[in-house]
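My plan is to jot down whatever I look up, one topic at a time.

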Amino acid sequence: MTEFGSADPPPVRLSAPRLSARVSAGVSASVLARLVASGTAVTRAELARETGLARSTVATGLAALHRIGLIEAEGTASHPGRGRPGERLRIAAAFGRIVTAEIDLERTRVAVFDFGQNMTDRFDVPLATSLAPAEFATGLADAILDRLARNAPQTPVRIVVVGVPAPVDTRRGTIVRPPLLPGWDEYPLAAELERRLGCAVVSDNDADLRALGEARSLPESESPLLYVRVDAGIGAGFMDATAELYVGADGAAGDIGHMRTGLNAGRRCRCGQLDHLEAHGSVTAMVEEWDASVEGRTRPGRAAFESALRSGEARAVDIAREAAKIVGRALSDILLMFNPTRISVGGSITDVSDVILAGIRSIVYETGLPLSTRNLTISGSEIGEDAGLRGALVLGLERTLGVTALTRMLTMSSPRV
């Protein structure tokens, strides 16, 4: 059991290619660490089998990981056959912390994980993205530093991963033409947070991180996977058959909120164009329609709409059903290009009512071609609103256990002659 969950979730899967040729110490150490972190191979014999490396090479790699404090023993593995049972290995939880964050329009959700993938802290930072990006970055960094200083300050923070509701150029760490974040275009959020926090920082699109967290927490057979987030905007993350994220050339893959719906209603999207999917199917669009239907001058907003939807009020349900139909038709078109095994629908609105999910499922199965729907599962997120934080954990682990980072740590720890 963990402090912040009802039960320990299974380890997330990390990508770790099979090794078949002579490789550097950093490459072999990275693959061994990822396999242990994933729970895929946790004994020397299993690691040798999974990687194709000689046992002596595995032993050398593990010794290096022990030296930097990344791996530790946790007893012996069960052994049904003859011979001495193998030592069971795990990533040392105390090796450090990974801070994950997901930015929403009015708040940022933050979770802190140790390297054993246990969530050790979580909190909200009430910052609105209507702030200037530099002011927002300062407030977020200060809140994170204050919280970390009060909780296990002696444990190093290895990396911070931030999900942003906008396209992100992951190579430069900059935000690209974000309709939901006016004034943030080209802002180097990752570099600015890195400067203020004093550790590595990675930023990525929020829907992409949710897709990553969802796919890597499910069996491999559940990919290709499409994660769709219906919230203030509409975004999607595409995971291929090997559960690797597809982001496109400029980080714009999955920005489905700006697909044209084919409607001619004259609704203006936040990007300035007319009748995009976001202008009809997002929670923002639903709330605007709800507000317009309420008599009097009071504009009750999102909380009142969600309350009405939760209680089954007819007008709210009708609005949600119509929005779900529009999203469902867009997903039917996407199926022809992506052909996923699973569509996971997330966003806090899906916790309020099943109307959105049911409407999307009905339209996709009704209008999608049989070849693309016959083996398709459409469901709510298996992880719920923590999917993005889990995806950020995956990305943080893979970066920290990557070749570049581990080679640097191994070099610094090597005894000097």
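I began with the largest nonpolar core, which has 52 residues. Leu47, Leu62, Leu65, Leu70, Phe115 and Leu406 are the ones that touch the most other members. By nonpolar core I mean a set of buried Ala, Val, Leu, Ile, Met, Phe, Trp, Tyr and Cys residues joined through side-chain atoms within 4.5 Å. Buried stands for under 20% relative accessible area, exposed for over 50%, and partly exposed for in between, with a 1.4 Å probe and protein chains only. There is also a second, separate core of 38 residues, and I noted Val230, Phe238, Leu331 and Val345 among them.

A note to myself on the source: this is a predicted model, where local features need pLDDT of at least 70 and side-chain atom pairs count only at pLDDT 80 or more, while totals for chains, interfaces and linings use all residues. Residues are numbered from 1 along each chain as its sequence is written, and side-chain values use heavy atoms, with hydrogens and water left out.

Next I picked Leu62. Leaving aside neighbours within four places in sequence, Leu62 is in contact (heavy atoms within 4.5 Å) with Leu32, Arg44, Leu47, Ile71 and Leu89.

Then I looked at helix 1 (residues 25-38) and helix 2 (residues 44-51), whose axes come within 11 Å and cross at roughly 115°. Axes here are lines fitted to C-alpha atoms, for helices over the stretch in contact, and angles run from 0 to 180 degrees between N-to-C directions. Helices (H or I, at least four residues) and strands (E, at least two) are DSSP runs, numbered from the N terminus. Val31, Leu32, Leu35 and Val36 of helix 1 meet Leu47, Glu50 and Thr51 of helix 2.

On to the sheet: 5 strands make an open one in the order 5-4-3-6-9, with mixed pairing. Strands pair if DSSP finds at least two bridges between them. Strand 5 (119-125) and strand 9 (200-205) are at the edges with a single partner strand each, so one side of each has no neighbour in the sheet. From one strand to the next, the twist averages 15°. I saw that strand 4 (residues 108-114) pairs with strand 5 in the antiparallel sense over 6 bridges. Val112 has Asp121 in strand 5 as its bridge partner.

Is Glu106 buried or exposed? Glu106 counts as exposed, at 59% relative accessibility. I found Glu106 in the loop between strand 3 and strand 4. Not counting residues up to four places away in sequence, Glu106 touches Pro126, Leu127 and Ala128.
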